Amino acid sequence: MAALHLRGIGLPDAEPIELWIVDGLISFEPVSGAETIVESGWITPGLVDAHCHVGIRYGGGGGETVDGLLEQAKTERDAGVLLLRDAGSPVDTRFIDERLDLPRIIRAGQHIAAPKRYIPGLPVDLDDESQLPAEVVRQARAGDGWVKLVGDWIDRSVGDLAPLWSDEILVEAIAAAHAEGAKVTAHVFAEDALPGLINAGIDCIEHGTGLTDATIESMVAHGTALVPTLINIATFPEIADSATRYPIYAAHMRDLHARRHQTIGAAHEAGIPIYAGTDAGGSIRHGRIADEIAELEVAGLTAHQALGASWDARSWLSAQGIEEGAPADLVVYSEDPRGNSDVLAKPARVILRGTPVSG
């Protein structure tokens, strides 16, 4: 493979940068005869979608076909997303690891839920919560260092969002995952499930629309991360409109939606680590990381911080950025992409594992 050469403005430092790609890796040592493929522009680490579902069928839930999930991965790649944390998938996507032209995926196994307490066709349903620690271990071994719990969902017997698990079983289950070297995250929309999950030592909260001053303070104390998925939260009014049989639930969803930016802004101001994730798959189309980053700005992050919520996820997920010897997963923009979602959504060039794949 011939050496490649790039120069431009590097992010996150926003300083002039010059680098070479040798055998798929980044080098800052000049290489004679290297082909210059970028002479100007803004060069960033490959973007990260920290909550993405490759393998969930768009619009209907359930598992996607092989051709369909390959198209999902390509769509993410062409949007500049070169690392995905797949926060639960009902199908096996490990064959993608053999495709050097597709993003890297860090998997959380399959969602864990209780019967009729999540989207049909997606989770492993446990008949009794006593099964949770063993299932967590199984999913930890099936994934790539993450396990995904459904923390709350509508309970039709009460007509509103409610927790799925007792505080006691969460302590046991999260400890079991940590003993396997895995981290745990949970889908949580409302308020009531958060204290038990956070106090049990969960590593991350997905969505987090029910955060309060008290649970924000608790997340800070525990070092718990947050992936808000604001473009998914934007669908709450539509969900509420369809829930005509459950007026309390519908009102709750509308309220969570109405204060979403304030809630996530308060979490950010308190110092909770926030990472960008779209929840692509199911009801959200793939390739929308630019929209999510724009929403984080509305919530109060600066343009630099909002884009940083994607590239900072690289170190959170133990992946390298633009550094000596790192895999050359790079995105090039014609203009500064910070604060400009139109630019961010249309990379001028995408380089994956040292090979230009678009632009």
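A residue counts as buried when its relative accessible area is under 20%. The structure described here is a predicted model, and the cut-off is applied to that model throughout. T209 has a relative accessibility of 1%, so T209 is buried.

T209 is found in the loop that runs between β15 (204-207) and α5 (213-222). A polar atom of the T209 side chain lies 2.5 Å from the backbone oxygen of F189. When neighbours within four places in sequence are left aside, T209 is in contact with V188, F189, I233, F236, L256, R259 and T263. The number of aromatic pairs comes to five. A ring also takes part in a contact with a charged residue: R85 lies over the face of W146, at 4.7 Å from the ring centre.

The largest nonpolar core has 87 residues, and the members that touch the most others are L132, L149, W165, L197 and L226. Helix α3 (residues 167-179) supplies the largest share of this core, namely five residues. The surroundings of L226 can be listed in detail. Residues up to four places away in sequence are not counted, and L226 then touches C204, I205, H207, G208, L211, M219, I264, A267, I272, P273, I274 and Y275.

Helix α10 (residues 289-298) has the buried residues I289, A290, E292, I293, E295 and L296. These buried residues pack against β6 (47-52), β7 (81-86), α6 (230-233), α9 (260-270), α11 and α12 (341-344). After α10 comes G300, which has a positive phi near 120°.

The model holds 19 salt bridges. One of them joins the side chains of R104 and D329, with an N to O distance of 2.2 Å. The two residues come from distant parts of the chain, 225 residues apart: R104 belongs to strand β8 (residues 104-107), and D329 to the loop between α11 (303-316) and β17 (330-333). The partners also fall into separate accessibility classes. R104 has a relative accessible area of 27% and is therefore partly exposed, whereas D329, at 4% relative accessibility, is buried.

A further salt bridge is formed by the side chains of D241 and R254, at 2.7 Å from N to O. D241 is part of helix α7 (residues 236-242) and R254 is part of helix α8 (residues 247-258), so this pair ties together parts that are 13 residues apart in sequence. R254 counts as partly exposed because its relative accessibility is 38%.

The side chains of D255 and R259 also meet in a salt bridge, with 2.9 Å between N and O. D255 is partly exposed at 36% relative accessibility, and R259 is partly exposed with a relative accessible area of 22%. R259 is also one of the residues in contact with T209. Elsewhere, salt bridges link R77, D78, R99 and D101 in a network.

Several features of the backbone remain to be described. Most residues other than glycine have a negative phi, and most peptide bonds are trans. In the model, the peptide bond from L11 to P12 is cis, with omega near 20°. P12 is in the loop between β1 (4-10) and β2 (15-22). A14 is also placed in the loop between β1 and β2. A14 is not a glycine, yet its phi is positive, at about 60°. With a relative accessibility of 29%, A14 is partly exposed.

A positive phi is also found at R353, where the value is near 55° and the residue is other than glycine. R353 lies in the loop between β18 (349-352) and β19 (355-358). The relative accessibility of R353 is 18%, so this residue counts as buried.

Conventions
Residues are numbered from 1 along each chain as its sequence is written. This is a predicted model: local features need pLDDT of at least 70, side-chain atom pairs count only at pLDDT 80 or more; totals for chains, interfaces and linings use all residues. Side-chain values use heavy atoms; hydrogens and water are left out. A nonpolar core is a set of buried Ala, Val, Leu, Ile, Met, Phe, Trp, Tyr and Cys residues joined through side-chain atoms within 4.5 Å. Buried means under 20% relative accessible area, exposed over 50%, partly exposed in between (1.4 Å probe, protein chains only). Helices (H or I, at least four residues) and strands (E, at least two) are DSSP runs, numbered from the N terminus. Contact means heavy atoms within 4.5 Å. A salt bridge is a side-chain nitrogen of Lys or Arg within 4 Å of a carboxyl oxygen of Asp or Glu. Rings of Phe, Tyr and Trp (its six-membered ring) pair if their centres lie within 6.5 Å; planes under 30 degrees apart count as stacked, over 60 as edge-to-face and the rest as tilted. A charge sits over a ring if NZ of Lys or CZ of Arg is within 6 Å of the ring centre and within 35 degrees of the ring normal. A polar contact is a pair of N or O atoms within 3.5 Å; within protein, one must be able to donate a hydrogen and the other to accept it, and residues adjacent in sequence count only if both atoms are side-chain atoms.
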